[in-house]
Amino acid sequence: MHNKTSVITGILLFLAAAAFPVWNNIISPTNKSMATNTTTAAQNLGVQEEGAEGGCIEDTDFMRQKHMLLLHTWRDDVVRNNNRVYTNAHGKTFEKSLVNTCLGCHEDQGQNKSENFFCERCHKSAGVRIDCFQCHTSAEAVKMGGAQ
Amino acid sequence: MSLNRKQFFKMGAVAALFGFGGKKAVQLYASSGGGHDEAKNKNTGVRHAMVIDSSKCKEGCTKCMDACHMAHNVPSHSDPEDEIKWIWKESAHDLFHEIDFALQGGALTAEKQLPTLCNHCANPPCVRVCPTQATFKRKEDGIVMMDYHRCIGCRFCMAGCPYGSRSFNYRDPREGLAKINPKFPTRKTGVVEKCNFCAEELAKGKRPHCEGACPEGAILFGNLNDPDSKLRAVLAANPSMRRKAETGTGPSIFYLTNDTDKKSKGGRS
């Protein structure tokens, strides 16, 4: 092989650059684990963290990691199985409803501006597009519809 | 490629083996439909149904429609081609075009405007044609429901429904809503929608909005499978018609054709 040293150095440099997200996560002091990572992010975004003690349906860690799974299960339970009551880990019951249960608390944060809307704050920051509110109504949607 | 006689017979044998293992096309179609005999295909549980009393329904009144549309965020668009229908009024002639009202309509005339809605069929063609099972029939109470999350907007159900009870959202429904009821979702462009027999109210132990909104008591909701229900008593005491029952769909909306005020028996309090 011609120019053995420069070719191998080049390959190694490329691999190091391509693996940047991986080693940066490992050495970065602020991102030790996923839990601390999301906590910091949530704190930076000013997201409410009350957990089941504070009236939320489940604990903060559970909601942070599994809210999408929970909402998908609720969706199928309500629409397809006519099962509308959720019992949480502490035995408390809630109506399985994004608008009537979740948004009952979470809507008021952020002065109802759509970019400050509770769900959108994290989802925008994480680059995850949600289409729930194309149909389900937040107070913001009600305003846009010229109502109330 | 050329086949000799021996190869041809071998291929034939393999093809025949597959044929014996599979189902006949006739059986496949039969199993999807469940046949057209409504009496034989009765579900034994609750079957929600509705009776519309043609003599009590008042000309020009739209209270049932208004209550439904308000509760379910049904938009009203200016272009009639974009119309979204959950419950709406049609003339008796358009509802029952096979009937000559002058001859056999009794108290009901062809011009009389009557409310009509999804028939929540016993054997719903819209459910059969839906490729994603977005439309399905609830086993526990016979309501033909829609899962808007699954609807891909193919409109097969609109072609399948003989009653025109399904509407496609060509436009953003929020354009046509003066006021949004935040307790119920709107739909979005590209999905089909229809009456849900107020499944969300029934879940709370309440009754459909249209029944409650009618000041004349022209709409009665009940369980068709319960022989002791008020609905069955009214049906037993009065002649009734269903739209296109001969197609085998088993519609659950009944229209009373006589003048119920003139009769005392079977009347509703």
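1. The contact between the two chains draws on 26 residues from chain B and 19 residues from chain A, where contact means heavy atoms within 4.5 Å. Please keep in mind that this is a predicted model, in which local features need pLDDT of at least 70, side-chain atom pairs count only at pLDDT 80 or more, and totals for chains, interfaces and linings use all residues. Residues are numbered from 1 along each chain as its sequence is written, chains are lettered from A in the order in which they are written, and side-chain values use heavy atoms, with hydrogens and water left out.

2. Now the area. About 1,900 Å² is buried between chain B and chain A, and carbon and sulfur atoms give 49% of this; buried area is the accessible area (1.4 Å probe) that two parts lose on being put together, summed over both. On the chain B side, H149(B), R174(B) and P182(B) lose the most area to chain A, together 29% of what that side buries.

3. R80(A) and D147(B) form a salt bridge, with their closest N and O atoms 3.0 Å apart. Strand 5 (144-146) and helix 8 (199-202) of chain B each supply at least two residues of the side that touches chain A; helices (H or I, at least four residues) and strands (E, at least two) are DSSP runs, numbered from the N terminus.

4. Turning to the inside of chain B, strand 1 is largely enclosed by the rest of the structure, because six of its six residues are buried, that is, under 20% relative accessible area (1.4 Å probe, protein chains only). In a regular strand the side chains alternate between the two faces of the sheet. In strand 1 of chain B, H48(B), M50(B) and I52(B) lie on one side, A49(B), V51(B) and D53(B) on the other, and all are buried.

5. What does strand 1 of chain B pair with in the antiparallel sense? Strand 8 of chain B is the antiparallel partner, over five bridges, with M50(B) opposite F221(B). Strand 10 of chain B runs parallel to strand 1 and is joined to it by four bridges, with D53(B) opposite L256(B). Two strands pair if DSSP finds at least two bridges between them.

6. Helix 10 (residues 230-237) of chain B has L231(B), V234(B), L235(B) and A237(B) as its buried residues. These pack against strand 1 (48-53), strand 8 (219-223), strand 9 (240-241) and strand 10 (253-256) of chain B.

Note on methods: Salt bridge = Lys/Arg side-chain N within 4 Å of Asp/Glu carboxyl O. Buried < 20%, exposed > 50% of the residue type's maximum accessible area, 1.4 Å probe, protein only.
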